[in-house]
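Colleague: I would like to go through some of the labels attached to this model and hear the grounds for each.
Modeller: Go ahead; the structure comes first.

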Amino acid sequence: MALTLDEAVAQLGHRLSPKRCSAASRLYRLADPAAGPALLEALRREVGDARTWETQYRIVMALGACGHRSAVGLLRDLAQRPLEATAVYVALGDAIVRLSAPEDTGGSLRWCLGTGTPMLADGALRAVAVQRLPLDAATIDRILDFLDPLEPHDGLRFWAATAAAGWTGPRVRGFLQECAVDPRADVASAAASSLQGKYQAYSPL
């Protein structure tokens with residue numbers, strides 16, 4: 001039987017990391033704002049132990065799903081620390097963008113790109129693609145500038161190629177045409193769909 005909200009919140013304090021991880025996954029699916037404060041406290045407890053990186057990843061994702069904007073300060077702080085488990089950066093980028101106010105989506109995305117951490121950028125682009133968030137032209141140009149130097153097979157192109165179904169302009173079309181012949185099948189497929197204005201459906205967990 002699936003955990004209730006209260007049960008999942010209580011399980012965030014379990015002594016076993018897999019149990020805490022399971023609780024965070026449940027809270028991600030529930031996406032209830034009431035879980036935000038408990039998730040933030042749980043993240044503060046977890047971040048000192050690199051062994052629990054998957055639990056940290058799922059707590060961060062749950063914070064984004066719950067819309068707990070009070071977590072942004074800690075998330076940005078963590079995003080600038082050297083993390084042994086680099087996959088956590090993906091969740092951080094995703095949540096930072098999800099938790100930004102609609103009018104600041106572009107600013108949050110540009111901040112993630114500006115850190116120079118590729119997996120943080122990957123997570124931020126994933127949030128834009130999965131949520132189909134609108135971006136201003138300057139931010140789209142910043143994304144394309146960021147991706148231009150990368151090799152054709154670089155996976156960082158994937159989420160941008162997916163999100164670009166909602167973008168316009170000759171530079172966007174050129175980017176998608178280039179990605180459509182990418183040696184990576186996932187990037188090529190995403191670009192082909194976006195060239196037709198069709199979003200592909202993905203879930204981050």
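Modeller: One cut-off to begin with: buried means under 20% relative accessible area, exposed means over 50%, and partly exposed lies in between. The model itself is predicted.

Colleague: Why is Arg132 called partly exposed?
Modeller: Its relative accessible area is 44%.

Colleague: Where is Arg132 placed?
Modeller: Arg132 belongs to the loop between α8 (118–131) and α9 (137–147). Its phi is near 55°, a positive value in a residue other than glycine.

Colleague: What makes Ala31 partly exposed?
Modeller: Ala31 has 33% relative accessibility. Ala31 sits in the loop between α2 (17–30) and α3 (36–46), and has a positive phi of about 50° although it is not a glycine.

Colleague: How do you know that Gln56 is buried?
Modeller: The relative accessible area of Gln56 is 7%. Buried requires a value under 20%, so Gln56 is buried. Gln56 is part of helix α4 (residues 53–66).

Colleague: Which residues is Gln56 in contact with, leaving aside its neighbours within four places in sequence?
Modeller: They are Leu43, Glu46, Val47, Asp49, Ala50 and Val88. Contact here means heavy atoms within 4.5 Å. Val88 is also one of the buried residues of α6.

Colleague: Why is α6 described as largely enclosed by the rest of the structure?
Modeller: Because 11 of its 12 residues are buried. Among them are Tyr89, Leu92, Asp94 and Arg98. What covers the buried residues of α6 includes α2, α4, α5 (72–79), α7 (105–114) and α8.

Colleague: What makes the reach of α6 close to the expected one?
Modeller: The expected span is 1.5 Å times one less than the number of residues. For the 12 residues of α6 (residues 87–98) the expected figure is 16 Å, and the helix reaches 17 Å from its first C-alpha to its last.

Colleague: Which residues of α12 are buried, and what covers them?
Modeller: In helix α12 (residues 185–195) the buried residues are Val187, Ala188, Ala190, Ala191, Ser193 and Ser194. Their cover includes α10 (157–163) and α11 (170–180).

How values were computed
Residues are numbered from 1 along each chain as its sequence is written. This is a predicted model: local features need pLDDT of at least 70, side-chain atom pairs count only at pLDDT 80 or more; totals for chains, interfaces and linings use all residues. Side-chain values use heavy atoms; hydrogens and water are left out. Helices (H or I, at least four residues) and strands (E, at least two) are DSSP runs, numbered from the N terminus. Buried means under 20% relative accessible area, exposed over 50%, partly exposed in between (1.4 Å probe, protein chains only).
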